[in-house]
Amino acid sequence: MPTYRPGPVSLILAVLVALFLLLPLLAVIPVSLTPSRMLAMPSGELSLRHYRALYEDPRWIDAILLSIRIGVVSSAISTMLALCFSLGIWMFQPRFTAALVGFVLLPMVVPPVVSAITLYFLLTSISGMSSFFGYDTWLGVAMAHSVMTVPFATVLILVSLSQLDRRIDLAARGLGASVWERATRIIMPNIKFGIVTAALLSFVLSWEEIGVTLFITSVNAITLPRLMWMGLRDNIDPAIAALSVILIIITVLVLAVRSIVTRQRGAH
Amino acid sequence: MRGTLSDRTGAALLMAPLLLFLILAYAWPFLGVVKWSFTLPTPGLGQYGALATDPLVQSVFIRTLRIALIVTLVSVTAAYAITVVWVRGSPVQRVLAEFCILVPFWISVLTRAFGWVALLSNRGLINTWLQSIGFISEPLALVRNEFGVIIGMTHFLIPFAVFPLASAMRSLDERVLLAARGLGSSRMRTFWTVFVPMTRSGIIGSAMIVFVFSLGFFVTPAILGGGRSVMIAELIYLRIFQSPDWGLGAAISVVLVIFVGALMALLFRYVKPKQLV
C-alpha cells in the first residue's frame, strides 16, 4: 500500500483528465435519443427511432452478422497459430527466440496504414486467381484480420506460459510423455485462461478493425466498422449513436465481469 | 535441455505454421509494396524524387510531424496526471482511475471519434450549450480542422501513454520519496525534483509510443479532420483509391516504415522493452 499519496493538485488534474476521457462516451447518449433524422441534440422530446432503425434496416443486421463470422474465423486462425508457435518457443527455446518473436510481432509495431497497403497488395494479387478469396471477400478479410491479431494472441499466450512452472513439464518428460502429450495434457490445461483470453482479444480486435478493412473491401464484404465509417464520412447517421451506446454498454459490462473474475481468481 | 534431434524437429513443426503464414501473407507482400514504389507508374526513383520535391506531400509530412508532437506532449502530460492517481492513490481513487483509463481503451476508435463529432460539431453538445446560454451567436469551428484532430488523437492515445508510466511509477522505491519529505522538502518540490526524474524511463517510453502511433494514425484524423487536415496515412489512402497513384502511396509507406524503424531502434537504446508494460 503506497504511503506517498497524491496531493490536491494531482487529484484535480486527474479528475480533469478523467472527465476528458469519459466525455465523448457520454455525449453519444443524448444524440442517440434525438427524434431528428440528422445529428442533433434532442430538443424537448426523446425518441428510440434510431435504436429501432438498427434492427429494422437489413444493412446493419448483415454487417453485424458478417463481422461476427469474420471475427470467429480470424480469431480461431490466429489463436491456433499463436498457440502452436508459443508452445514451440516455450518447450524448445530455440536459439533465435528473440528474432523469431520479433518477426511475429511486426504487424503490431508497423504503422497500421502500411500493413493495410501490404494486405491490399496481397489480396488484389490473389483476386486474379480466385473469386471467393481475395480483395473484397469475407475470407480475404478474415485472413487479413488474422495477420493483424496474431501478434496480440502470441503476446498473451507467451505471457501465460512464462508464468508456468517448468518442472511440471520436465516431470512429464522424464516419465516418458511425448511432445503431443506434454502439450495437450500438461501445458495447455495450465494456460487455458490465457488461451481463452487470446481468442477473445483476437475476436474483439477483428470486430472493431477498420484501418486495414477499409483498404481491402469495397461493396461485398461490408463489416460493421466499415458501415459505420460510411455513415460517418457521408452524412452523419444518428443510428451510429444508438449503435455506439449499445457497444459502450457491452464493453462496460464485459470489463466489469472480467474484473470480478480476475479478483476471484486472485483470491484463490 | 536443448539439442536433441527430435526436439529440434518438434520446435520446427510447431513454429512453422505461423512463420510460414506471416512470410506468405505479410513479409512477401510488403516486398511487393516496395517493388511498387520503384516501378509504378514508370521504373526508377521517380516517386522518391517526388517525395523530396512535391509541396503537397511535404506539407502533409510537416503537418503530421507537428500534430504528432503536440499530441505527444498533451497525451503524456495528461496520462502522467491520471497515472499518479492510478498507481499511488487511495483504493477508491485507484478503482475509479482504472475505470476511466480502461473503458475508453477497449472502445473502438470509430465510436470514440463519433463521440467527439457529437460533442464538437456545429449542432453538437458544446456548441448547442454555448449558444443556449448566449455565450456565442455562431457555432465555433471545433471539428473538421486540426483542433478536432488533436483532441481526438489525444483522447485515443492517453491510455497507451499510461502503461509505460504506470510501470515506471510502480517500480519506484517510495522510501526515497518519504526521505525527501522527511528532510523537509515540500510536496511540489519532492514531485519535481525526485518523483519526475525517477520516472524518466517511463516518460521516454510513453512519449515514443505515442509519437510513433501518431505518425501512422488514420481513422481519427480522417473523421475529425474532415478532409481538411490530411495526415500521412490518409494521404496514402487517397493515393491508392482516389488518384490512383499506387507508386507514390507505396513510396510514402516505405519512408514511413524506415522512419518508424529508426525511432524504435533509438527507443530501445534507452529503454528496455520489458520496462514498457
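**Exercise 1.** Which residues touch the most other members of the largest nonpolar core?

*Solution.* The model is predicted, with local features needing pLDDT of at least 70, side-chain atom pairs counting only at pLDDT 80 or more, and totals for chains, interfaces and linings using all residues. Residues are numbered from 1 along each chain as its sequence is written, chains are lettered from A and ligands numbered from 1 in the order in which they are written, and side-chain values use heavy atoms, with hydrogens and water left out.

Begin with the term: a nonpolar core is a set of buried Ala, Val, Leu, Ile, Met, Phe, Trp, Tyr and Cys residues joined through side-chain atoms within 4.5 Å, where buried means under 20% relative accessible area and exposed over 50%, with partly exposed in between (1.4 Å probe, protein chains only). Of the 170 residues in the largest such core, A:W60, A:F215, A:I216, A:W229, B:I82 and B:F195 touch the most other members. The largest share of this core, 14 residues, comes from α3(B), helices being DSSP runs of H or I with at least four residues, numbered from the N terminus.

**Exercise 2.** Determine how α3(B) packs against α4(B), and which residues meet.

*Solution.* First take the axes, which are lines fitted to C-alpha atoms over the stretch in contact, with angles from 0 to 180 degrees between N-to-C directions. The axes of α3(B) and α4(B) (residues 91-106) come within 7 Å and cross at roughly 135°. That makes the pair oblique, since angles under 35 degrees count as roughly parallel, over 145 as roughly antiparallel, 65 to 115 as roughly perpendicular and the rest as oblique. Next, with contact meaning heavy atoms within 4.5 Å, B:I82, B:V85, B:W86 and B:V87 in α3(B) meet residues of α4(B) that include B:A97 and B:I101.

**Exercise 3.** Is α5(A) roughly parallel or roughly antiparallel to α12(B)?

*Solution.* The axes of α5(A) (residues 112-127) and α12(B) are 10 Å apart, and the helices pack at an angle of about 20°; α5(A) is therefore roughly parallel to α12(B). The contact joins A:V113, A:I117 and A:Y120 of α5(A) to B:A233, B:I236, B:I240 and B:F241 of α12(B).

**Exercise 4.** Is B:S229 buried or exposed?

*Solution.* B:S229 lies in the loop between α11 (219-224) and α12 (232-241) of chain B. Its relative accessibility is 3%, so B:S229 counts as buried. Leaving aside residues up to four places away in sequence, B:S229 touches B:R63, B:I67, B:N145, B:E146 and B:V149. By contrast, B:P55 in α3(B) counts as exposed because its relative accessibility is 62%.

Methods: Helix = DSSP H or I, 4+ residues; strand = E, 2+ residues; numbered from the N terminus.
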